[in-house]
Amino acid sequence: MIGLVIILLLVLLLPFSVKKVEENLEIFLFIMGIAAASFSGMLHGPLIHKALIDPINITLAVLIAGLVTKWAQTPLEKSILALSNVLSPRIFLAVTVIILGLASSIITAIIAAIVLVIVINVLPLDRKSEIRFTVLACFSIGLGAALTPIGEPLSTITVSKLDEDFFYLMNLIGWEVVPAVVLFGLLTILFVKPHKSSHGLESATKTESYKEILIRSAKIYLFVMGLTFLGHGFEPLINEYILGLHPMLLYWINMISAVLDNATLAAAEISPAMDSKTIQAILLGLLISGGMLIPGNIPNIIAASKLNITSKEWAQFGVPIGLITMAVYFVVLFLF
């Protein structure tokens, strides 16, 4: 148990405090997952087989969506400009946030984030509006991607650990997630002020190479594989200290996902022994707070990296929005 506690502390602290770990998160989590599974005595044939199989669907989804985005980037950029001219700029941005949020459950959160960067590079936004639009869109993408097991690693790990079907998450949290996605779209109208003129395609994002697409897909495979080991390795710790906690407490505890990718925490916390109310509280706490800071979710990391958004810039808008949303959903989940 002491070994597992040490591994958990390393997983929670090092990605946020050590740049080398943050830059090589997939390898780090894979090593920590192997260590956790070894300490708990879970590193055996069935788990190894499961860890090899679980990442396949999301990896294929990322690979295929990456290739389609590469091949369709130019017409996509032209379509963005055409639609932004038909709709008012604010309405277009709001619709974009909603569509990317809902579509991310199929095209994956990673590809939705890449499309988001293309949209931002095509449309005229000042720095403040660019940051706000990015943060709101990433909140939306992070939530929407959790509706299917191919949308993001958190949903893949959750469905795998619970041994549920493709539509399990949609049935469990769909009624909470979809209104939140729409809400973030509406907030875009209030907080983002696009320029009236368009600067065309001159600043459009560079097309990814096939090598970059393959490397990203391989990293996702390793990432989910590591989380599978990590989740099962932490089962003794979860059974001892987490299972008995009230869902209200778990909801707020999971604000820690603002500084750590929420899939890691889902892998550590969720157990088949939990009831649906507890799992719902864990997931929504992770998903909402995951948008508050850059390390909290994959779309945040991708968008911030490609748009050169600093941690301070993200937090100034992301933390207040996240805290307010957490409070609203706490009332909805537990008081109504």
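**The salt bridges**

Mentor: Arginine 127 pairs with glutamate 313 in a salt bridge whose closest N and O atoms lie 2.9 Å apart. This pair connects distant parts of the chain, with arginine 127 in helix H9 and glutamate 313 in helix H18 (residues 311-335), 186 residues apart. The model is a predicted one, and the distances here are computed from it.

Arginine 127 also forms a salt bridge with glutamate 130, where the closest N and O atoms are 3.1 Å apart. Glutamate 130 and arginine 127 both belong to helix H9 (residues 127-144), and because they are three residues apart there, about one helical turn separates them. In general, an α-helix has 3.6 residues a turn, so residues three or four places apart point the same way. Side chains of opposite charge can pair when their charged atoms come close.

A search of the whole structure finds two salt bridges.

Arginine 127, at 35% relative accessibility, counts as partly exposed. Glutamate 313 is at 24% relative accessibility, so it too counts as partly exposed.

Next, the other features. Helix H15 (residues 262-269) is mostly covered, with eight of its eight residues buried. Among the buried residues of H15 are Asn262, Thr264 and Glu269.

Helix H10 (residues 153-162) packs with helix H16 (residues 276-289) at an angle of about 165°, and their axes are 12 Å apart. Angles over 145 degrees count as roughly antiparallel, and H10 and H16 are therefore roughly antiparallel to each other. Their crossing is right-handed.

On the surface there is a nonpolar patch formed by Leu43, Ile48, Leu52, Ile53, Ile56, Leu60, Ile64, Val68, Trp71 and Tyr210, which together have about 910 Å² of accessible area. Helix H4 (45-53) and helix H5 (56-71) each supply at least two residues of this patch. H5 gives the largest share, five residues. One of the patch residues, leucine 52, is found in helix H4. Leucine 52 has 38% relative accessibility, so it counts as partly exposed.

Note on methods:
Residues are numbered from 1 along each chain as its sequence is written. This is a predicted model: local features need pLDDT of at least 70, side-chain atom pairs count only at pLDDT 80 or more; totals for chains, interfaces and linings use all residues. Side-chain values use heavy atoms; hydrogens and water are left out. Patches are made of residues with over 30% relative accessible area and no salt bridge: like charges are joined within 9 Å, nonpolar side chains (Val, Leu, Ile, Met, Phe, Trp, Tyr) within 5 Å. Accessible areas come from the Shrake-Rupley method with a 1.4 Å probe; for residues, only the protein chains shown count as cover. A salt bridge is a side-chain nitrogen of Lys or Arg within 4 Å of a carboxyl oxygen of Asp or Glu. Helices (H or I, at least four residues) and strands (E, at least two) are DSSP runs, numbered from the N terminus. Buried means under 20% relative accessible area, exposed over 50%, partly exposed in between (1.4 Å probe, protein chains only). Axes are lines fitted to C-alpha atoms, for helices over the stretch in contact, and angles run from 0 to 180 degrees between N-to-C directions. Angles under 35 degrees count as roughly parallel, over 145 as roughly antiparallel, 65 to 115 as roughly perpendicular and the rest as oblique. A crossing is left-handed if the near helix is turned anticlockwise from the far one by less than a right angle, and right-handed if clockwise.
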